[in-house]
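Me: Could you go through this model with me, starting with the charged pairs?

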Amino acid sequence: MLLVLAGYYLQNVDLVTLLRWMEKADEGNVMAYVSSWGEANPGGGRDNVERYLEKARAEVIESAQILRTILDILNVPVTA
């Protein structure tokens, strides 16, 4: 498969992996945003804020793992 991403022609990139990364990154952003309004929403509260922050954290961790896979495919060195 050939994929064009940011001007790069990529071969052998698993499109499903790329789409999963995009989805997880978006979900992490949404959960972080929702957590910022947790106490202001009806039925919200500190426990809901913490619940959404934990969901955001889990999404970010999974997103980072998927991104590392993509970087490995592209032979991009990762330092950390």
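Reply: The side chains of Lys24 and Glu59 meet in a salt bridge, at 3.4 Å from N to O, the term meaning a side-chain nitrogen of Lys or Arg within 4 Å of a carboxyl oxygen of Asp or Glu. The pair links distant parts of the chain, since Lys24 is in helix H1 and Glu59 in helix H2, 35 residues apart; helices here are DSSP runs (H or I, at least four residues), numbered from the N terminus. This is a predicted model, in which local features need pLDDT of at least 70 and side-chain atom pairs count only at pLDDT 80 or more, while totals for chains, interfaces and linings use all residues. Residues are numbered from 1 along each chain as its sequence is written, and side-chain values use heavy atoms, with hydrogens and water left out.

Me: Is Lys24 buried or exposed?

Reply: Lys24 is buried, with a relative accessible area of 16%, where buried means under 20%, exposed over 50% and partly exposed in between (1.4 Å probe, protein chains only). Glu59 is likewise buried, at 16%.

Me: Which residues are linked with Lys24 in a network?

Reply: Arg20, Glu27, Glu59 and Glu62 are linked with Lys24 in a network of salt bridges.

Me: Switching to H2, what do its buried residues pack against?

Reply: They pack against H1, contact meaning heavy atoms within 4.5 Å. The buried residues of H2 include Val49, Ala56, Ile66 and Ile70.

Key:
Helices (H or I, at least four residues) and strands (E, at least two) are DSSP runs, numbered from the N terminus.
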